[in-house]
Amino acid sequence: MRKLLLTGSCLLIVLQAITQTSFSDQVKKYIDYDSSFIAFTHCRLADVKNLKVLEDQTVIVHNGIITAVADSRKISPPSGSMVIDLTGKSLLPGFVLLHEHMYYAAYSADFSYLHVKQLPFTFPKLYLACGATTVRTAGSVEPYSDLNLRRDIDQGRILGPAMDVTAPYLEGKGTFFPQMHELSGPAEGKAFVNFWASQGCTSFKAYNYLDKATLKAAIDEAHAKGLKVTGHLCSVTYREAAELGIDQLEHGFSVSTDFVPGKKENACPLGAATNASADSPKVKGLIRYLVGKKVIVTSTLAVIYNMTTLDTAMRPEVLEAMSPDSRDMFLNVYNKMRNPSGNKAMLEEMKLEKLFSDAGGLLTVGTDPTGNGATLAGYGSQQSIELLTQAGFTPIEAIRIATWNGAKALGLENKIGSIEVGKAADLVVIDGDISQDIKNIRKVTHVFKHGVGFNSQKIFSSVKGEVGKY
């Protein structure tokens with residue numbers, strides 16, 4: 001029954017989006033292609049399922065669905081189709097990213113009272129422009145804003161990717177974010193899941209101070225409804241969460257407390273090093289356990305990397321996107337908090353994520369636009385994918401993690417995540433060869449969402465100087 005409920009709800013969401021044909025004037029100005037019949041010719045195609053980049057391919061799309069994929073020498077554009085010549089360009093599946101908050105780390109100069117800022121005007125645009133056609137929010141501080149964003153995007157009122165909306169955080173007593181509710185125990189945890197599922201949230205996320213009993217109650221209730229639970233954990237270890245049935249874990253292994261000396265049950269040793277080493281037999285044992293339990297892990301390398309001193313060069317577009325006050329705060333306060341003490345742990349985290357994937361674990365990727373503010377939606381999303389190659393993945397493997405793996409994690413691999421006949425035409429056009437240089441994913445020209453082509457550069461230009469203002 002759980003699988004039926006999950007499949008049915010996901011299918012409904014996808015079908016609702018695919019049948020969308022009406023767009024507001026605000027959305028129409030970013031649309032370059034809107035035809036029921038499109039032929040993409042002579043493209044370099046990212047075959048993420050077989051980890052190949054195929055040369056000179058043609059992809060036919062009818063009513064937002066891919067109907068043919070073949071060598072351009074063996075297939076011609078159908079009569080009446082809109083032909084888009086992609087000679088010299090790459091065609092990728094739309095990114096499916098799984099840690100995509102609609103808020104930003106605009107804390108304040110006083111870190112004694114942390115808060116974050118919802119950015120519903122700029123972040124959905126940036127996610128879509130970078131190539132993300134489906135995202136999971138992985139934690140909400142303004143749930144009704146996120147739910148209404150999803151509705152308005154699906155109805156064509158505003159720009160943005162399809163959204164799997166995560167409920168407000170499942171948090172326990174002791175949280176350092178005043179925007180988070182503290183659950184009192186298992187009974188409230190169950191009621192919390194019930195309520196937010198009834199409001200339309202489609203996933204849940206456990207956070208730092210949640211205890212085992214409350215986490216177990218929340219997981220069981222979510223699973224009874226065919227919904228999934230991920231976690232950024234501290235009080236509960238990864239092994240304990242896997243035993244309780246959690247579906248996914250966030251931030252790779254960087255927040256795991258499994259190997260913190262003296263770790264007490266249901267206690268969060270904040271500030272303690274994880275002591276996780278890729279060479280440790282105990283760490284390898286944990287990875288084998290997680291893989292055996294089919295627990296998915298989300299990589300969020302960019303947000304961690306941008307708090308180290310491994311590379312402090314800022315992509316100019318990131319600074320240009322920030323509003324003047326956000327940029328000033330970032331440059332004069334947040335960015336100066338980069339710490340070399342995290343460099344070694346960052347490099348170890350990359351090894352652990354590769355080790356998990358090589359062991360058969362399903363690794364996905366997300367942005368997490370928090371940290372020191374250097375990791376913006378869209379630009380940070382691309383950086384998160386690029387950093388996977390520094391962890392040892394090939395460019396096509398990194399693209400697979402950002403597409404096919406994400407779709408599998410959401411249970412949508414039969415609808416999105418790869419360029420195949422019968423799937424939604426969620427596609428990304430890149431002006432360059434991603435097999436040669438992963439950084440070519442920055443050269444997005446168009447993003448097609450269910451066959452409708454949006455001009456990425458127009459979208460990026462529309463938010464210059466706006467991030468943090470709205």
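The following legends describe an overall view and several close-up views of a predicted model. Residues are numbered from 1 along each chain as its sequence is written. In this predicted model, local features need pLDDT of at least 70 and side-chain atom pairs count only at pLDDT 80 or more, while totals for chains, interfaces and linings use all residues, and side-chain values use heavy atoms, with hydrogens and water left out.

View 1. Helices (H or I, at least four residues) and strands (E, at least two) are DSSP runs, numbered from the N terminus. Along the principal axes, the C-alpha atoms fill a box of roughly 70 × 55 × 45 Å. Of the 470 residues, 59% count as buried, where buried means under 20% relative accessible area, exposed over 50% and partly exposed in between, with a 1.4 Å probe and protein chains only.

**View 2. The disulfide between C234 and C268.** A disulfide is a pair of cysteine sulfur atoms within 2.5 Å, and by this rule the count comes to one. The sulfur atoms of C234 and C268 are 1.9 Å apart, and the torsion about their S-S bond is about 95 degrees, so the disulfide is right-handed. Because C234 lies in the loop between β13 (228-231) and α7 (238-244) and C268 in the loop between β14 (248-249) and α8 (281-292), the pair ties together parts that are 34 residues apart in sequence. C234 is buried at 4% relative accessibility, and C268 is also buried, at 18%.

**View 3. S299 and its polar contact with E353.** S299 is placed in strand β15 (residues 296-299) and, at 0% relative accessibility, counts as buried. The side chains of S299 and E353 make a polar contact at 2.7 Å, a polar contact being a pair of N or O atoms within 3.5 Å of which, within protein, one must be able to donate a hydrogen and the other to accept it, with residues adjacent in sequence counting only if both atoms are side-chain atoms. Leaving aside residues up to four places away in sequence, S299 touches G252, E353, L363, T364, V365, G366 and L388, where contact means heavy atoms within 4.5 Å.

**View 4. The aromatic pair of F23 and F454.** Rings of Phe, Tyr and Trp (its six-membered ring) pair if their centres lie within 6.5 Å, and planes under 30 degrees apart count as stacked, over 60 as edge-to-face and the rest as tilted. The whole structure holds 14 aromatic pairs. For F23 and F454, the ring centres are 6.2 Å apart and the planes stand at 85 degrees, so this pair is edge-to-face. The pair links distant parts of the chain, with F23 in the loop between α1 (2-18) and α2 (25-28) and F454 in strand β19 (residues 452-455), 431 residues apart. F23 is buried at 15% relative accessibility, and F454 is buried with a relative accessible area of 4%.
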